[in-house]
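Me: I'm new to this one and would like to learn how to read it. Could you walk me through it, one feature at a time?

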Amino acid sequence: MHKFYGILLGVFMLFTSPTFATELNITVTNIDTSRGGNIVVMIFGEEGFPKNHALALLTATKKVLSNTMVFTFLINQPEVAIKVLHDENGDGEVTKN
């Protein structure tokens, strides 16, 4: 991935009961569509955030088609952290400028 477009640090969701799945909708805005590639959204529990992507509980990748994209997850964790990346070249690798 060529560039970090955003890391949503400290986005924590609290739910009344961690035993039931809850729908979590994440809207990513201001995507630079001229750069192409993919938007990657990762959901973390207590482990791995922000650098160990292999420990993400859930990951979704979508091709950039518009400047706003919605990702939907079913989660059953009482707290989660969310990370959003723009993988400009679609290689699945995290790189920085």
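Reply: Let's begin with a term: a polar contact is a pair of N or O atoms within 3.5 Å; within protein, one must be able to donate a hydrogen and the other to accept it, and residues adjacent in sequence count only if both atoms are side-chain atoms. Here, the side chain of Asp 87 reaches the backbone nitrogen of Gly 90 at 3.0 Å. Before going on, keep in mind that this is a predicted model, where local features need pLDDT of at least 70, side-chain atom pairs count only at pLDDT 80 or more, and totals for chains, interfaces and linings use all residues. Residues are numbered from 1 along each chain as its sequence is written, and side-chain values use heavy atoms, with hydrogens and water left out.

Me: How many helices and strands does the protein chain have?

Reply: Helices (H or I, at least four residues) and strands (E, at least two) are DSSP runs, numbered from the N terminus. This protein chain has 0 helices and 6 strands, so along the sequence you read β-β-β-β-β-β. Asp 87, for instance, belongs to strand β6.

Me: What share of the protein chain's residues count as buried?

Reply: Buried means under 20% relative accessible area, exposed over 50%, and partly exposed in between (1.4 Å probe, protein chains only). In this case 32% of the 97 residues of the protein chain count as buried. For the other end of the scale, look at Asn 30, which is exposed at 67% relative accessibility. Asn 30 sits in the loop between β2 and β3, and its phi is near 60°, a positive value in a residue other than glycine.

Me: Which residues have the most contacts inside the largest nonpolar core?

Reply: A nonpolar core is a set of buried Ala, Val, Leu, Ile, Met, Phe, Trp, Tyr and Cys residues joined through side-chain atoms within 4.5 Å. The largest one has 16 residues, and the ones with the most contacts inside it are Ile 26, Val 28, Ile 39, Val 41, Ile 43, Phe 71 and Phe 73. At least two residues of this core come from each of β2, β3, β5 (69–75) and β6, with β5 giving the largest share, 4 residues.

Me: Phe 71 has a charge over its ring; what is it, and how is that judged?

Reply: A charge sits over a ring if NZ of Lys or CZ of Arg is within 6 Å of the ring centre and within 35 degrees of the ring normal. For Phe 71, the charged end of Lys 62 does this, 4.7 Å from the ring's centre.

Me: And how do I read charges that pair up?

Reply: Side chains of opposite charge can pair when their charged atoms come close. A salt bridge is a side-chain nitrogen of Lys or Arg within 4 Å of a carboxyl oxygen of Asp or Glu. The structure holds 2 of them. Arg 35 pairs with Asp 32, their closest N and O atoms being 3.0 Å apart, and also with Glu 88, at 3.2 Å. The Arg 35 and Glu 88 pair links distant parts of the chain, 53 residues apart: Arg 35 is in the loop between β2 (22–28) and β3 (38–44), while Glu 88 is in the segment after β6. Together, Asp 32, Arg 35 and Glu 88 form a network of salt bridges. Arg 35 is partly exposed, at 35%, whereas Glu 88 is buried, at 15%.

Me: How far is Lys 83 from the nearest side chain of opposite charge?

Reply: For this, Lys and Arg count as positive and Asp and Glu as negative; His and the chain ends are not counted. Lys 83, in strand β6 (residues 81–87), is buried without a salt bridge, and the nearest opposite charge, Glu 93, is 12 Å away. A polar atom of the Lys 83 side chain does lie 2.5 Å from the backbone oxygen of Pro 50. Asp 87 is also buried with no salt bridge, its nearest opposite charge being Lys 63, 11 Å away.

Me: What kind of peptide bond joins Phe 49 and Pro 50?

Reply: It is a cis peptide bond, with omega about 5°. Pro 50 lies in the loop between β3 and β4 (58–63).

Me: How are the rings of Phe 44 and Phe 49 arranged?

Reply: A pair of aromatic rings is described by the distance of the centres and the angle of the planes. Rings of Phe, Tyr and Trp (its six-membered ring) pair if their centres lie within 6.5 Å; planes under 30 degrees apart count as stacked, over 60 as edge-to-face and the rest as tilted. The count here comes to 1 aromatic pair. The ring centres of Phe 44 and Phe 49 are 5.5 Å apart and the planes are at 65°, so the pair is edge-to-face. Phe 44 is buried at 0%, and Phe 49 is partly exposed at 25%.
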